[in-house]
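The entries follow in the order in which I looked things up.

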Amino acid sequence: MRKGYTVTYQMRKKQRQQREIVIQYVLRFVCFSFTIQGDSMSPTIERGEKHLVNRLIYQIKGPSRYDVVIFKSDDKNGNYYVKRVIGLPGEKVQIKNGRIYVNGKKTKAFSSQKILSAGLAADEITLKSKQYFVVGDNYNNSEDSRSASVGNIKRTNIIGKVGIKYWPW
């Protein structure tokens, strides 16, 4: 025992250190840090921001409409993308007159821009089981489900839900 410290103080300090170790392990399992590259989610999420990504949530339940997710592409490079979920499995998605429609209803817009290029969604797309339609909030500067190189996202490619921004404040 260190001179001048009570037994109670040292016990509490040891308990606090043990709790901190447990919390660190839980956080490593549940989430990870991701730095945003690119402007496709602007103005909601900007280039260079650091966010915690919750990788446990989608083990419990599937993504919901308007969730911002990170997923790995099927291409050879294995790029990671951050996009917003618009279409859920079994739904019909189409872009017409610069707006996104799901099952014939206009969705919430996350940008004041009208979509200039509907891409694959110019014709109605029916999502299969465990497929999602995702778009970037910067509609006219985003490679997303409208593009043949990305297409509809498989549930197995979704890594987690983008959460708390911790840098910059």
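**Entry: K128.** I looked up the accessibility of K128 and found 57% relative accessibility, so K128 counts as exposed. The terms I use are buried for under 20% relative accessible area, exposed for over 50%, and partly exposed in between, with a 1.4 Å probe and protein chains only. K128 sits in the loop between β8 and β9 (131-135). Helices here are DSSP runs of H or I with at least four residues, strands are runs of E with at least two, and both are numbered from the N terminus. Setting aside neighbours within four places in sequence, I find K128 in contact with P89 and G90; contact means heavy atoms within 4.5 Å. K128 and P89 are 39 residues apart along the chain, and their C-alpha atoms are separated by 5.6 Å.

**Entry: the source.** The model is predicted, with pLDDT of at least 70 needed for local features and 80 or more for side-chain atom pairs, while totals for chains, interfaces and linings use all residues. Residues are numbered from 1 along each chain as its sequence is written, and side-chain values use heavy atoms, with hydrogens and water left out.

**Entry: the sheet of seven strands.** I traced an open sheet of seven strands in the order β1-β2-β11-β3-β4-β9-β10, with antiparallel pairing. β1 (31-35) and β10 (153-154) are at the edges with a single partner strand each, so one side of each has no neighbour in the sheet. Two strands count as paired if DSSP finds at least two bridges between them.

β1 and β2 are antiparallel over five bridges, and T35 stands opposite K50 in β2.

Which residues of β2 are on its covered face, and which on its uncovered one? H51 and V53 are on the covered face, whereas K50, L52 and N54 are on the uncovered one. In a regular strand the side chains alternate between the two faces of the sheet. I also noted helix α1 (residues 7-30), which lies across β1 and β2 and runs at about 60° to β1. For such angles, axes are lines fitted to C-alpha atoms, for helices over the stretch in contact, and the angle runs from 0 to 180 degrees between N-to-C directions.

**Entry: β4.** Seven of the eight residues of β4 are buried, so the strand is largely enclosed by the rest of the structure. β3 (residues 68-72) runs antiparallel to β4 and is joined to it by five bridges; V68 has R84 as its bridge partner in β4. β4 and β9 pair in the antiparallel sense over three bridges, and V85 has V134 as its bridge partner in β9.

**Entry: the sheet of four strands.** I found an open sheet in the order β7-β6-β5-β8, with antiparallel pairing. β7 (105-106) and β8 (125-126) stand at the edges with a single partner strand each, so one side of each lacks a neighbour in the sheet. β6 (residues 99-102) and β7 pair over two bridges, with Y101 opposite K106 in β7.

N103 is in the loop between β6 and β7. Its phi is near 55°, a positive value in a residue other than glycine. N103 is partly exposed, at 45% relative accessible area.

**Entry: the largest pocket.** I looked up the largest pocket and found about 210 Å³ of space. A pocket is an open set of points on a 1 Å grid over the protein atoms alone, with protein on both sides within 12 Å along at least five of seven lines; lining residues have an atom within 4 Å of a point. Points are joined across faces, edges and corners, and a volume is the space filled by probe spheres set on them. The lining has 14 residues, with Q37, S40, Y80, Y81 and V82 nearest the centre. β4 (residues 80-87) gives the most to this lining, with four residues.

**Entry: cis peptide bonds.** A cis peptide bond joins S42 and P43, with omega about 5°, and P43 lies in the loop between β1 and β2. The bond from W167 to P168 is also cis, with omega near -10°; P168 belongs to the segment after β11.

Note on methods:
1 Å grid on protein atoms, 1.4 Å probe; cavity = no way out; pocket = protein on both sides within 12 Å on 5 of 7 lines; lining within 4 Å.
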